[in-house]
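Student: Hi! Could we go through this model together, a bit at a time?
Tutor: Happy to, let's have a look.

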Amino acid sequence: MAEEVGLLLNEGVTRQASWVDYDADGDLGLFLALRDRANRLYRNDLIGVSAPSSDGIDTASFPDVTASSAGFTDVTETSGIGDPRRTVGAVWFDADQDGDLDVVTANMNGDANGLWTQDLGSFTDVAGGTVIEGGGRSVGDEALGTVRPCVVDFDNDGRFDVFFANYGPNDIARGTANGWVSVGGASGVAVDARYDSCAWGDFDNDGTNDLYVNGTVTGGVQYRDWLFRREGGTTFIDVTPPELLELNSDHAATWVGYDLDGDLDLALTGVGDDGMHHLMQNLLRPEFAGHSLKVRLLDEQGGATRAGAEVRVYAAGTDRLLGSGLVDTGSGYDAQNDLPVHFGLLGAQPVDVVITLVGLGLRTTHTVGDVDPMQYRGRALTVRVEFDRSGSGSGR
């Protein structure tokens, strides 16, 4: 139905598509990161849609597009986002905290990365002169580039940081009140090799984010994978188990709690003879596996349109921040997901969940207070939040 709704693209190589409500109009636009031509942005103008009836299924997420009287509009030129550099990865979040969704684009073949900040539908690249421009690797070297950017609050300070999985040394651009600072080397994650993807998740539920990064297969070389565990402060150590080293995945990795026991498992892909796609079960002891909370954020109609929203958890009744997470657009590089935000909570203490919606130059918040994580073991805390243009959130 691509031609019918205005999304037919006969030429172009893409490895990252992002469905994202960049204009906060309640539906999902489409951003395509293209490696061989300018990136594309499509505004969703579907109107008059009706959901088919189906018992037991949330039909709000499955509209009948054939009933629409409009489709998608290509706004690449008018928005200014049509970057011709060789882009293979992208992640959307409110980088400058001004109430609009911005996007970091990862570029290959020596091209500099982009940080496209938004002002009500107009985008400007402001990466020049910042750590994000190179992401830890050299700019201008055809052999180097960035494959995937990941957004994470790795140091639990409430600000989002950006990790770069590179052809070249990896890096973390730490978000500070005065801009971006390179801390990959000091943190122990700036391994110089060839990497495809990054996946952040608290696999041991100790309250700190850990990192999985997988090496690629290129030039007849299989670069190794790494599992880094955060060890106090901002330092990471290699804890890669032999089971992962033997697999040596590449091209995509996603943390997912598939068995609903409270911890994060790991889905991996690769280009082995069997077209590797493995699901690795986390065998964290049951008394620790349940020390977590998953938060699933939906709009007021039950649709998963809140990508780019921020979720933070605080010790109940206090301002002590325990963790921050981003509702991702699916920036998995050759992978997409609609997964809840996972928080490891040592001791499974009660928490207040604070949700921040972003759009129209507004940052609106909604709080779900005194949540007992043990009541949500095996399922996610699902919150439906309405975007309130007055600047205050509402939800249930």
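Tutor: One term before we start: buried means under 20% relative accessible area, exposed means over 50%, and partly exposed is in between, with a 1.4 Å probe and protein chains only as cover. This is a predicted model, where local features need pLDDT of at least 70, side-chain atom pairs count only at pLDDT 80 or more, and totals for chains, interfaces and linings use all residues. Residues are numbered from 1 along each chain as its sequence is written, and side-chain values use heavy atoms, with hydrogens and water left out.

Student: Thanks! How many disulfides does a search of the whole structure find?
Tutor: The search finds 1 disulfide, counting a pair of cysteine sulfur atoms within 2.5 Å. The partners are Cys-150 and Cys-198, with an S to S distance of 2.0 Å.

Student: Where do Cys-150 and Cys-198 lie?
Tutor: Cys-150 is in strand 9 (residues 145-152) and Cys-198 is in strand 13 (residues 192-201), so the pair ties together parts that are 48 residues apart in sequence. Helices (H or I, at least four residues) and strands (E, at least two) are DSSP runs, numbered from the N terminus.

Student: Are Cys-150 and Cys-198 buried or exposed?
Tutor: Both Cys-150 and Cys-198 are buried.

Student: And why is the disulfide called right-handed?
Tutor: The torsion about the S-S bond of Cys-150 and Cys-198 is about 105°, so the disulfide is right-handed.

Student: Let's zoom out. How many helices and strands does the chain have?
Tutor: There are 6 helices and 29 strands in the chain. Its radius of gyration is 20 Å, close to the 21 Å that the globule rule gives for 396 residues, so the chain is as compact as a globular protein of that length. That radius is taken over C-alpha atoms, and the rule is 2.2 Å times the number of residues to the power 0.38. Along the principal axes, the C-alpha atoms fill a box of roughly 55 × 50 × 45 Å.

Student: What share of the residues is buried?
Tutor: Buried residues make up 53% of the 396 in the chain. The accessible surface comes to about 16,200 Å², and 49% of that belongs to carbon and sulfur atoms. These areas come from the Shrake-Rupley method with a 1.4 Å probe; for residues, only the protein chains shown count as cover.

Student: What about contacts between residues 24 or more positions apart?
Tutor: Such pairs account for 55% of the contacts in the chain with a separation of 6 or more. Contact means heavy atoms within 4.5 Å.

Student: How many positive and negative side chains are there?
Tutor: The chain has 27 positive and 62 negative ones, and the centres of the two sets lie 2 Å apart. Lys and Arg count as positive and Asp and Glu as negative, while His and the chain ends are not counted. Each charge is placed at NZ of Lys, CZ of Arg, CG of Asp or CD of Glu.

Student: New topic: where is His-251?
Tutor: His-251 sits in the loop between helix 5 (242-247) and strand 19 (253-256). His-251 has a positive phi of about 80° although it is not a glycine, and it is buried, with a relative accessible area of 18%.

Student: Which residues does Asp-250 touch?
Tutor: Not counting residues up to four places away in sequence, Asp-250 touches several, including Asp-196, Asn-214, Gln-222, Thr-269 and Met-276. Asp-250 is found in the loop between helix 5 and strand 19, and is buried at a relative accessible area of 2%.

Student: What is phi of Asn-109 near?
Tutor: Phi of Asn-109 is near 55°, a positive value in a residue other than glycine. Asn-109 is in the loop between strand 6 (102-107) and strand 7 (114-119).

Student: Can we do Ser-18 too? Which strand is it in?
Tutor: Ser-18 is in strand 1 (residues 14-20). At 0% relative accessibility, Ser-18 counts as buried. Leaving aside neighbours within four places in sequence, Ser-18 is in contact with residues including Phe-31, Trp-92 and Gln-336.
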